[in-house]
Amino acid sequence: MRNYPILFVLCCVLFAACSSKENVDLIVHHANVYTVDSMFSQAQAFAVKDGKFIAIGSNEHIEQQYTAKAYIDAEGQAIYPGFYDAHAHLFDEAELMDQADLNGAESFEEVIRRVKEYRKRNPDKTWLIGSGWDQNRWKDKAFPTKELLDKAFPDIPVYLIRVDYHAAVANSKALEWAKLNSIPIIHGGVVGGINNVPNGLLIDNAMELVNKTIPVPDEKEYLRMLKRTQDSLLSVGLTSIVDAGLTKEKLDLLKKYYRAGELKIRDYAMILGTPKNIKSFISQGFYETGRFEIKSFKLLADGALGSRGACLLAHYHDAPTHGFLLHSPAEYEEMIKQIAASKFQANTHAIGDSANRIILDIYGKYLQPQADRRWRIEHAQIISPVDFNKFRQFQIIPSVQPTHATSDMYWAKDRLGEERMKGAYAYKHLLEEYGKLALGSDFPVEHFNPLYGFHAAVARVDKNGFPDKGFQIQDAISREDALRGMTIWAAYSCFQENKRGSIEVGKDADFVILEQDILKAPFDQLRDVKTLRTVIAGETVFKRQSLSN
């Protein structure tokens, strides 16, 4: 009986201790947390409330200060900020999943076999669309034409897109549908053929002649396709993407889907940079919600190296052409001048050294010293030695895709020659100039798994570990910088570093749990590391079934 007062006091103390803890929505504990803050510090646990990180620290600190509705015991697994793809194409990926997959085809005959198989599986299709062929993989390396397509598919339009989305081949039915029965002069593009008769090959701006005639999905169908694609992106740890170049129609669809809460992945959308769009969207101003933003334009300076549309200072090493710009320098200057007079961000696709020089110089003309505009060069693939310093001089962000290096390395030297290769895929050099890199995949040109890009950035080898010593290994970057490039630096390139990109108090609670620590795993295991859980704003949006929590 005499112990009752003591027990009562102890109960009161325990009750007071428990009641003094702050209630939160989620506690993650016993983790190896890479915060990717300015110190690249690590922690064991964090607390989440109302979709934000509110505390990060040791297991003991978090457990003593907070009590939660839900807990995740990470069991020692590595946790990173949600992965951010700084250059992607959401609609193209969504459409690709409904098309004939031509990636990896070793000949045009194999392409045709795959399209035939696709038609058997999809007998109701009124057009046969495929994506992913690459003539550089074929023995003769020749661009395809319509002849074999016409023999295989005489009664249905066929349109097959090259892996880089900068060339396509169409059969006669598709050309007939587009009323393309002669070879027009196309600025920034090529219609292949002889004697004024098209042969089905379309490069860059010429593709639109057929593209515009292809039926598009309705709103309901697009939503189905986008949600399916989103599921794939979330399954590899992506929580944010940059949607690089969308038409007004697709931007309007995304606004509708996000308002209805149909999509969860964060999307920083770039408006397709045309004179009409620039004038219209500048007058409208920014559009911003927690998941969807429209604050920038994407211009296209040139085509791609693989289809010889990249604009070079000197002719291609393997062909008597320099490639071409998709618009005149005067047109780029006028568009960039208008963007400079607004608050919008300018981002320009530039592959060749000539295209990069032209855009860098126009940027430099309109960027005010010390102005925090964060204009970007998308790809920055081939840079003349005298132009690298312009990224630092004008404070221009290089937005690069590491898997392009390991995809192109088999034939890039044929296109460029040995001397120009020194300025190609030079990611470390670009990092040293600007101090940051925004890393992306350019999906569906490359696979959307961010760990493929991480692997390519740090090891400079393909999925088979080729070449042994790495492709131009002097331009490999560190694992820490690669992680920054797909988290905080990607966020920075979109003016979002104060709200996402790292695990810090006050930021969006976007994070990913992996089965292995990519900062330590052997190179040959990086591409196979699985995502165990993906979380956006504190909500689990993907969980691998084997995860116990």
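## Close-up views of a predicted model

**View 1. A proline in a loop, reached through a cis bond.** Pro444 sits in the loop that runs between β22 (438-439) and α17 (450-459). This is a predicted model, and in it the peptide bond from Phe443 to Pro444 is cis, with omega near 10°. Follow the chain onward to find another cis peptide bond, this one joining Phe466 and Pro467, with omega about -5°. Pro467 belongs to the loop between α17 and α18 (479-485).

**View 2. Two residues with positive phi.** Start with Arg374, in the loop between α12 (353-366) and β20 (376-379). Arg374 is not a glycine, yet its phi is positive, at about 55°. Is Arg374 buried or exposed? Its relative accessibility is 8%, and buried means under 20%, so Arg374 counts as buried. Now move to Ala380, in the loop between β20 and α13 (389-393). Here too a residue other than glycine has a positive phi, near 45°. Ala380 is buried, with a relative accessible area of 1%.

**View 3. An open sheet of six strands.** To trace this sheet, go through its strands in the order β9-β10-β11-β12-β14-β13; the pairing is mixed. The edges are held by β9 (100-101) and β13 (189-194), each with a single partner strand, so one side of each has no neighbour in the sheet. Helix α4 (residues 108-121) packs on the sheet and touches β9, β10, β11 (158-162) and β12 (167-170). The direction of α4 makes about 140° with that of β10.

View 4. β9 pairs with strand β10 (residues 128-133) in the parallel sense, over two bridges. Which residue of β10 is the bridge partner of Asp101? It is Ser131. Look also at Gln99, in the loop between α3 (90-96) and β9. With 15% relative accessibility, Gln99 counts as buried. Leaving aside neighbours within four places in sequence, Gln99 is in contact with Tyr118, Ile129, Gly130 and Ser131.

**View 5. Strand β7 and two of its pairings.** Strand β2 (residues 32-34) pairs with strand β7 (residues 78-81) in the parallel sense, over two bridges. Within this pairing, Val33 has Ile79 of β7 as its bridge partner. β7 also pairs with strand β23 (residues 511-514), here in the antiparallel sense and over four bridges. To locate this pairing, find Ala78, whose bridge partner in β23 is Leu514.

View 6. The protein chain has 19 helices and 25 strands. Its radius of gyration is 25 Å, close to the 24 Å that the globule rule gives for 549 residues, so the chain is as compact as a globular protein of that length. Along its principal axes, the C-alpha trace spans about 110 × 55 × 55 Å. Of the 549 residues, 58% count as buried. Among contacts with a separation of 6 or more, 72% are between residues 24 or more positions apart. The chain exposes about 23,600 Å², and carbon and sulfur atoms supply 53% of that area. An unreviewed UniProt entry places the feature "domain: Amidohydrolase" at residues 72-542. Over residues 72-542 the chain is 33% helix and 21% strand, and the end C-alpha atoms are 14 Å apart.

Conventions:
Residues numbered from 1 in each chain as written. Predicted model: local features only at pLDDT ≥ 70, side-chain atom pairs only at ≥ 80, totals over all residues. Heavy atoms only, no water. Pairing = 2+ DSSP bridges. Contact = heavy atoms within 4.5 Å. Axes fitted to C-alpha atoms, helices over the stretch in contact; angles between N-to-C directions. UniProt positions renumbered as here; feature names shortened; annotations may be inferred. Rg over C-alpha atoms; globule rule 2.2 N^0.38 Å. Buried < 20%, exposed > 50% of the residue type's maximum accessible area, 1.4 Å probe, protein only. Areas by Shrake-Rupley, 256 points an atom, 1.4 Å probe, with all protein chains shown as cover.
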